[in-house]
Amino acid sequence: MRHSIGKSIPRKETWEKVTGLTKYMNDVSGPELLHVKIAISPHAHAKIKSIDYSEAMKLPGVKAVITGRNEPILTGSPLADRPPLAIDKVRYYGEPVALVVAEQEYIAEMAALRIKVEYELLPVVLSPSDAFQSNAPIIHEHLAEYKRHEEAYPEPGTNIANRTKIRKGNMAQGWKNSDHTIEVKVTIPQSDHAAMEMRCCTTQILPDGRVIIHSASQSPFVIRRTLSQSFHIPLHKVIVHTPLVGGSFGGKSAIQIEFLAFMASRAVGGKAVKLVNSREVDMISSPVHIGLDATIKLGCTQEGRLMAAEILYLYDGGAYSDRGAVMSRAGAVDCTGPYRIENVQCDSLCMYTNHPYSTSFRGFGHPELTFAIERAMDLLADRVGMDPLEFRFNNAIGPGDTSPTQTLLNRSNLGDLPMCIAKLKTLLQWDDRPVRETDGHLVKAVGVCCFWKNSDTPTDAGAGAVIAFNPDGSVNLLCGAVEIGQGTRTSLTQLLAEKLRMDDRLIHISTDVNTEKDPYFWKTVASRSTFLVGNAILHAADDAIAQLKNIAAIVLQCLPTDLDVGAGKVYLKDRPDKEIAIENIANGYTFPNGNTIGGQIIGRGSYAMRNLTLLDPQTGKGNPGPEWTVGAQAVEVELDTRDYTYKIIKAATVIDAGKVINPGMARSQITGAMSMGLSFASREAFVFNEKGAVLNPQFRTYKLIRYGEQPTYIVDFVETPHLEAPYGLRGIGEHALIGMPAALANSLTIAAGVELNHLPLTPEMIWGTIHDTF
């Protein structure tokens, strides 16, 4: 009997992708399809005095123009603070102020440029630290009136969209026991998700009231629920289709252009409309990667044992809270990094600024907090005079310790960080080489870090799955997980193949998600798909196996408990030669005399998060997620001290994956995440002028890591099973990105001989820090 778990089988969608047959959202076209374009604000903060679209309407082919006054609603979660189109004022450069619907895309674009808006400029707030000041201009005057859909604690009269508090232990005692203390301030700017596929959506409203949406999204079921709530449409009449998505990294989990496309379709009598962002609009108008200003104070004993941590995280949520409020909570949950610290005080805030609003990004607030903590850890290790890896090993959190939220940890929900550190040490040959090597003007150095991440999902996040047997014994698998390039739907077939002990090539899974037909799934984020959907699939498989055994027991004249299933057969455990092929009972069984028993085997299963709790608003105590994924990372650089350019030579990750389902895809996931982390750490950032305008909204000026600049990647795994997960797996989709900025900064700090606490780590920034001009 075949084993599927642990095999590097190809992705289900590989053939269509490599041959160019795959259809993405922007491939959808049709003669009756109308096109939508957005008119955006050229100001970061201004009152809207008037909007004149008379010149736009004069263009032949223009069907409608919509403004915020036509749809004066507020959307968003956890806080409903964002109008789909600005109503009375704009709060960021690039905010949508009007929509144009036209017969041709170029006509809609021309018409959008003809819309004239009169603005009254307002003072701008351009950093979370500035927003935190008591005299800062208020960006949301009606913060107290916003509806809350999830756990959030805004502070009216300020720019604080959410505050999460962690209060653990006794801070006074912690500082009293500390022989060494350090304080570090770091800044991380906003940046772009830079997915290959821009955000794209089509919408049509049928005469019977059904709303048909096709969207490149990670959250089709959230689109369905949100549109139903916002526009008072019966839930069953909102039908969302999601095909293969051309990359996302969290940026397509937010609901934005779906609101706009619905409004556009309704304005033209329900006709089918298509809205696709240009690259420039995608970068500045749709939500972006969050930024952070942080202050970390750590204390430890003479022997290097951590005693206390005092932390302030100011996340740059931008103009609207969206997922930024939840990311700031996630930052509080794991605020200390994966270290044993008994006395912790953390305030993690989502700040409103006049920047583009932020949403989920791979790591969900953790690359930012890890950069801050790991810079502090390196500085404190140096202060104590300890090896940075040894310092981390000695303070690594473990079973019997508690998290910042006071969750008791064990091997199952935590994994084995010391083993990850030990493996990394071996891979790096850490004891056999100096951390810093000089060869003329070239300096080589290695920096290390550790990371952890809890999923921080809603306490009721869940999934469903259906498996239907075909007459030939093959299986169709239905689920709501979106394929965004991560290979999840292939891994899910491996879980099912292992459970049914069958050939994974006989399991068919569509690359599309359809909310009308597929079982519900929360959304494809947080590295939770294989955990949530995987558990649902195993329950569905149990259901199907029970049905198979019940029918086979009648045919084989035995008890169902006497039977087992595998290799396409149902057979007696004690006499495997007494069997019946699944294909003979998959649609029921017909006796020689024509009598039939049973029917099609359809297994169904569901799963929801268990034993999770909300956080206490005063202390942060609670259980925020089912498990942590932990790991250790390193980066080796070569710095040219003449001009402070550098090469990234090597990057290494050791991660506790629980159980590796598909080694090939797992290594690809890890490597891709490392590359992405190195890219945004070394060069990616939005550049704003003093008025809040984005100066680099295109790939000519917004630089990404390129082919030829990639280092050698080293990936290894530790496997400590998570007992609640399918076959013990842990989420790994985001995690290898988390520590890359910190490890790169630590390596460059050693090489340059100066503390580098600000991203991105460009040669200009290094030069400015050395010469005290940054």
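A: Happy to. Across the interface of domain 1 and domain 2, four residue pairs are in polar contact, both partners being at pLDDT 80 or more. Keep in mind that this is a predicted model. By class, the side of domain 1 that touches domain 2 holds eight nonpolar, six polar and seven charged residues. Even so, the count of salt bridges between domain 1 and domain 2 is zero. The contact involves 21 residues of domain 1 and 17 residues of domain 2. Together the two domains bury about 1,500 Å², with 60% of that on carbon and sulfur atoms. Their centres, taken over C-alpha atoms, are 40 Å apart.

The assignment gives domain 1 as 13–21 + 461–608, domain 2 as 34–122 + 196–247 + 252–285, and domain 3 as 291–458 + 613–772.

Now for the charged pairs. The count for the model comes to 40 salt bridges. One of them joins lysine 252 to glutamate 197, with the closest N and O atoms 3.1 Å apart. This pair links distant parts of the chain, 55 residues apart: lysine 252 sits in the loop between β11 and α7, and glutamate 197 in the loop between β8 and β9. Lysine 252 counts as buried because its relative accessibility is 5%, and glutamate 197 is buried too, at 10%.

Helix α7 itself covers residues 257–267 and includes alanine 261. Alanine 261 has 0% relative accessibility, so it counts as buried. Leaving aside neighbours within four places in sequence, alanine 261 is in contact with Cys201, Thr203, Val273 and Leu275. Of these, threonine 203 is 58 residues away in sequence, yet the C-alpha atoms are 5.9 Å apart.

Another salt bridge connects glutamate 636 and lysine 650, at 3.9 Å between the closest N and O atoms. Glutamate 636 belongs to strand β30 and lysine 650 to strand β31, so the pair ties together parts 14 residues apart in sequence. Glutamate 636 is buried, at 7%, while lysine 650 is partly exposed, at 28%. Beyond residues up to four places away, glutamate 636 also touches others, including Arg433, Lys444 and Ile649.

Arginine 642 and aspartate 640 form a salt bridge as well, at 2.9 Å from N to O. Here arginine 642 is exposed, at 61%, whereas aspartate 640 is buried, at 10%. Finally, Glu155, Arg163, Arg167 and Asp347 are linked in a network of salt bridges.

Methods. Residues are numbered from 1 along each chain as its sequence is written. This is a predicted model: local features need pLDDT of at least 70, side-chain atom pairs count only at pLDDT 80 or more; totals for chains, interfaces and linings use all residues. Side-chain values use heavy atoms; hydrogens and water are left out. Domain bounds come from an automatic or database domain assignment. Contact means heavy atoms within 4.5 Å. Buried area is the accessible area (1.4 Å probe) that two parts lose on being put together, summed over both. A salt bridge is a side-chain nitrogen of Lys or Arg within 4 Å of a carboxyl oxygen of Asp or Glu. A polar contact is a pair of N or O atoms within 3.5 Å; within protein, one must be able to donate a hydrogen and the other to accept it, and residues adjacent in sequence count only if both atoms are side-chain atoms. Ala, Val, Leu, Ile, Met, Phe, Trp, Tyr, Cys and Pro count as nonpolar, Asp, Glu, Lys and Arg as charged, and the others, Gly among them, as polar. Helices (H or I, at least four residues) and strands (E, at least two) are DSSP runs, numbered from the N terminus. Buried means under 20% relative accessible area, exposed over 50%, partly exposed in between (1.4 Å probe, protein chains only).
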